[in-house]
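Hi,

Here is the structure I promised to pass on. Have a look at it first, and my notes follow below.

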Amino acid sequence: VKKDGNYSYSIWLEPDFQKLPEALEQLHVSGRKLCIVSDSNVDTLYGTQLKDVLSGICGKVTSYVFPAGEEHKTLDTVRNLYEHLILEKFDRKDMLVAFGGGVVGDLTGFTAATYLRGIDFIQVPTTLLSQVDSSIGGKTGVDFDAYKNMVGAFHMPRLVYMNLNLLRSLPDRQFASGMGEIIKHGLIQDPAYYSWLTEHYQEVMDKQYEALLTMVEGSCRIKRHVVEEDPTEQGIRAWLNFGHTIGHAVEKLKNFTLSHGECVAIGCMAAAYLSEKRGKLTESELKDIRKVLKSYQLPVCTEGLDAEKILSATKHDKKMDAGKIKFVLLSRIGEAYVTKDVTDDEILDAVRYILEDG
Ligand code: NAD
Ligand code: ZN
């Protein structure tokens, strides 16, 4: 992946950690201290495995583990991690390893971006969502009180190394959450990838290695392409927000009882419905999207929410521009566009569609 054309990092997709030493060679880790940052779940499952691989090849390896859960993606945890790094005398040449899902990745990246005005970090993402989405692109940050990702920085990892077999221990809903973003990738960028997904749900849900590899690779390629074209989110990176405008509103109103990807799936349905109403998709394409989401165990509707409340929560989302909601719609399967002219009535119509299950 390029950053402003002058700095790049590689992304490795592997069945285990065997090639990690080789992947790290270019970073000259032998004289550097390394801190593995992870959450309690990942550490219990795989902490020793990773530490064993890294111990032989770099100066010193320490670990910092915090309790799993979004509620720990805070400045308090960052503070404790700074303390650990200071006690362990980490300096500018030392490095962090983000070992976990998006929570660990965002928090570790932010700590790396700010400790001593910025040190290197690598991503070893362990959830489907973090492998195909959050580990690529350099967005880091933490939540502040009730505000998600309120404090952050752009800081690129020096390497992303994924061990796809770690996905086998993911809880089903967590796996489905990643699928929400993956199907979104197909819808906004790549019709062939989207149709591959429609055909291979059985192999993917069975977590067959070849299918996982094809899929994760396909999604990483799309995310990488979008980020490279538009590192600072002036243009097509906004396409990644497809399904997120209404999705975020649902996420908030459901008090985060649904996973992020589940809300994105519901939001994708609403945005696809709007695209169909504008004559960009056919009715059968809309039905097909619904079927694909369902085949990956994702919800396509929700209940118990008020349409007006969803509309006003949508308007409070930060993706506003001069008082207008920035909506990402599909111009066809595999291509998106941003528009600010979606009316309240149209949004209400789409919201009623996801409240009534089409
Ligand atoms: P997460 O990091 O909380 O992980 C979900 C759960 O799975 C946790 O309990 C974790 O301990 C557990 N887990 C992780 N790997 C496992 C494994 N291999 N086996 C079993 N359990 C495992 O959640 P997430 O969905 O990975 O990430 C969500 C976060 O990512 C949010 O904070 C969101 O804001 C952020 N995010 C960031 C970006 C970005 O561009 N930086 C993009 C999307 C999302
Ligand atoms: Zn998302």
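One term before the rest: I call two residues in contact, or touching, if their C-beta atoms, placed from the backbone, lie within 7 Å. Please also keep in mind that this is a predicted model.

Let me start with Lys-184, which sits in helix α6. Leaving out residues up to four places away in sequence, Lys-184 touches Phe-242, Gly-243, Val-264 and Cys-268. Is this lysine buried or exposed? Lys-184 counts as buried, because it has 31 C-beta neighbours inside 10 Å and the cut-off for buried is 20 or more. Glu-233 is 49 residues away from Lys-184 along the chain, and their C-alpha atoms are separated by 17 Å.

Now the ligand. Ligand 1 is surrounded by 28 residues, and the closest of them are Asn-41, Gly-101, Gly-102, Thr-127 and Ser-134. Sorted by class, that shell has 14 polar, eight nonpolar and six charged residues. Helix α6 (172-189) turns up again here: α6, α2 (40-55), α4 (102-114) and α5 (128-134) each supply at least two residues of the shell.

Helix α2 also has a part in the strand pairing. Strands β4 (residues 33-39) and β5 (residues 60-66) pair in the parallel sense, over seven bridges. Going from β4 to β5, the chain passes through α2, and this β-α-β crossover is right-handed. If you want a spot to look at, Val-37 stands opposite Tyr-64 in β5.

Val-37 comes back in the core. In soluble globular proteins, nonpolar side chains tend to be buried together. Here, the largest nonpolar core has 98 residues, and those with the most contacts inside it are Val-37, Val-97, Cys-268, Met-269 and Ala-270. Helix α11 (residues 260-277) gives the most to this core, with eleven residues. What does Val-97 contact, leaving aside its neighbours within four places in sequence? Its partners are Leu-34, Cys-35, Ile-36 and Val-37, together with Phe-121, Ile-122 and Val-124.

Helix α10 (residues 244-253) is mostly covered, with eight of its ten residues buried. Among the buried ones are His-244, His-248 and Glu-251. The buried residues of α10 pack against α11, α13, β12 (324-325), β13 (327-332) and α14 (344-355). After α10 comes Asn-255, which has a positive phi, near 50 degrees.

Two other residues have a positive phi worth a look:

- Asp-145 is not a glycine, yet has a positive phi of about 50 degrees. Asp-145 lies in the loop between β8 (139-144) and β9 (147-154), and is exposed, with 7 other C-beta atoms within 10 Å.
- Gln-297, also a residue other than glycine, has a phi near 65 degrees. Gln-297 is in the loop between α12 (283-295) and α13 (307-316), and is partly exposed, with 16 other C-beta atoms within 10 Å.

Leu-298 is in the loop between α12 and α13 too. Why does Leu-298 count as buried? Because 24 other C-beta atoms lie within 10 Å, where 20 or more is enough. Leaving aside neighbours within four places in sequence, Leu-298 is in contact with Ala-176, Met-179, Gly-180, Gly-261, Glu-262, Ala-265 and Leu-293. Met-205 is 93 residues from Leu-298 in sequence and 12 Å away in space, C-alpha to C-alpha.

Cheers

Key. Residues are numbered from 1 along each chain as its sequence is written. Chains are lettered from A and ligands numbered from 1 in the order in which they are written. This is a predicted model: local features need pLDDT of at least 70, side-chain atom pairs count only at pLDDT 80 or more; totals for chains, interfaces and linings use all residues. A residue is near a molecule or strand if its C-beta atom, placed from the backbone, lies within 6 Å of it. Helices (H or I, at least four residues) and strands (E, at least two) are DSSP runs, numbered from the N terminus. Ala, Val, Leu, Ile, Met, Phe, Trp, Tyr, Cys and Pro count as nonpolar, Asp, Glu, Lys and Arg as charged, and the others, Gly among them, as polar. Two strands pair if DSSP finds at least two bridges between them. A crossover is right-handed if, with the strands pointing away from the viewer, the path from the first strand over the helix to the second runs clockwise. A residue is buried if 20 or more other C-beta atoms lie within 10 Å of its own, exposed if 12 or fewer, and partly exposed in between; C-beta atoms are placed from the backbone. A nonpolar core is a set of buried Ala, Val, Leu, Ile, Met, Phe, Trp, Tyr and Cys residues joined through C-beta atoms within 7 Å.
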